[in-house]
Amino acid sequence: MRRFEGKRGLVLGVANKRSIAWAIARRLAEEGAQLAFTYQGERIEKSVRELAESVSSPLVTECDVRSDEDVVRVVQEAGESFGGQLDVLVHSVAYAAAEDLEGRFTDTPRDRFWMALDVSAYSLVACARAAEPLMEAAGGGAILTMTYLGGERAVPHYNVMGVAKAALDASVRYLAWDLGQKNVRVNAVSAGPVRTLAARSIAGFPTMEAIVEERSPLHRPIDADDVGSAAAYLLSDEAHNVTGTTLYVDSGYHAMGM
């Protein structure tokens, strides 16, 4: 099945082959999508370029999502690569200082609080705004971001990132309303603990994994490919009447009270 044959997409957030963003991108590419990629900083550029080359990407470019000008430039470059149209946008970008993912949320300083919300939540708004004209030109499109249960409930050590995810969740709903008139859908996937390099910065991550596997209805771990499958559905035409929605990929853990 090649649900994305002829579709053109921009993927933000690939860092390495274990990234959730890469699992999503690989699935889209396998089903026919042409994809452009961004990277943040020289440290990961080589890795992202190698992965992008493996799916014959026409564009790999640096993007600082804290800069509106950079976001606009990147989306414009993608548009130029894809004939002025864009069908898919994958937003898998988040950041909080490592020291704020341990200890107490109460102690989060103001500057790092706003940094977490800027990178993790507002960047989706900026990307959606920039992509809107290209998606309208394509007759519609689909935007997907990555959230987590820590935006709805207090998860020890998730701290300011949980607050940022709450803002991201609300942004999905408001963007879905605004962009729906342009036939652009906006959704989120809420994944359980997945072993990525970014997850290692969260204090007590192995404990989170163990608790989810023990208490979820399915009693099994979640991997990046599980997320890729769910993301592909939400981004495909099969989900043409699904927007403003969060799809949980966590073995059912979110449904449990204790």
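## Helix α2

The buried residues of α2 pack against α1 (20-30), β2 (34-39) and β3 (59-62). In this predicted model, those buried positions of α2 are I44, V48, L51 and A52.

Helix α2 covers residues 42-54, which is 13 residues, and at 1.5 Å a residue it should span 18 Å. The C-alpha atoms at its ends are 19 Å apart, in agreement with that expectation. After α2 comes S56, which has a positive phi near 55 degrees.

## Packing of α4 and α5

Two packed helices are described by the angle between their axes and by the distance between those axes. For helix α4 (residues 110-137) and helix α5 (residues 159-180), the angle is about 20 degrees and the axes are 8 Å apart. Angles under 35 degrees count as roughly parallel, and α4 and α5 are therefore roughly parallel to each other. Their crossing is right-handed.

On the α4 side, the contact is made by F113, A116, L117, S120, A121, L124, V125, A128 and E132. On the α5 side, V160, M161, V163, A164, A167, L168, S171, V172, L175 and L179 take part. By class, this contact of α4 with α5 has 16 nonpolar, two polar and one charged residues.

## D100

D100 is located in the loop between β4 (88-91) and α4. Its relative accessibility is 5%, and buried means under 20%, so D100 counts as buried.

Apart from neighbours within four places in sequence, D100 is in contact with T108, P109, R112, H157, N159 and V160. One of these, V160, also belongs to the α5 side of the contact with α4.

How values were computed
Residues numbered from 1 in each chain as written. Predicted model: local features only at pLDDT ≥ 70, side-chain atom pairs only at ≥ 80, totals over all residues. Heavy atoms only, no water. Axes fitted to C-alpha atoms, helices over the stretch in contact; angles between N-to-C directions. Helix = DSSP H or I, 4+ residues; strand = E, 2+ residues; numbered from the N terminus. Parallel < 35°, antiparallel > 145°, perpendicular 65-115°, else oblique. Left-handed = near helix turned anticlockwise from the far one by under 90°. Contact = heavy atoms within 4.5 Å. Nonpolar A, V, L, I, M, F, W, Y, C, P; charged D, E, K, R; others polar. Expected span 1.5 Å × (residues − 1). Buried < 20%, exposed > 50% of the residue type's maximum accessible area, 1.4 Å probe, protein only.
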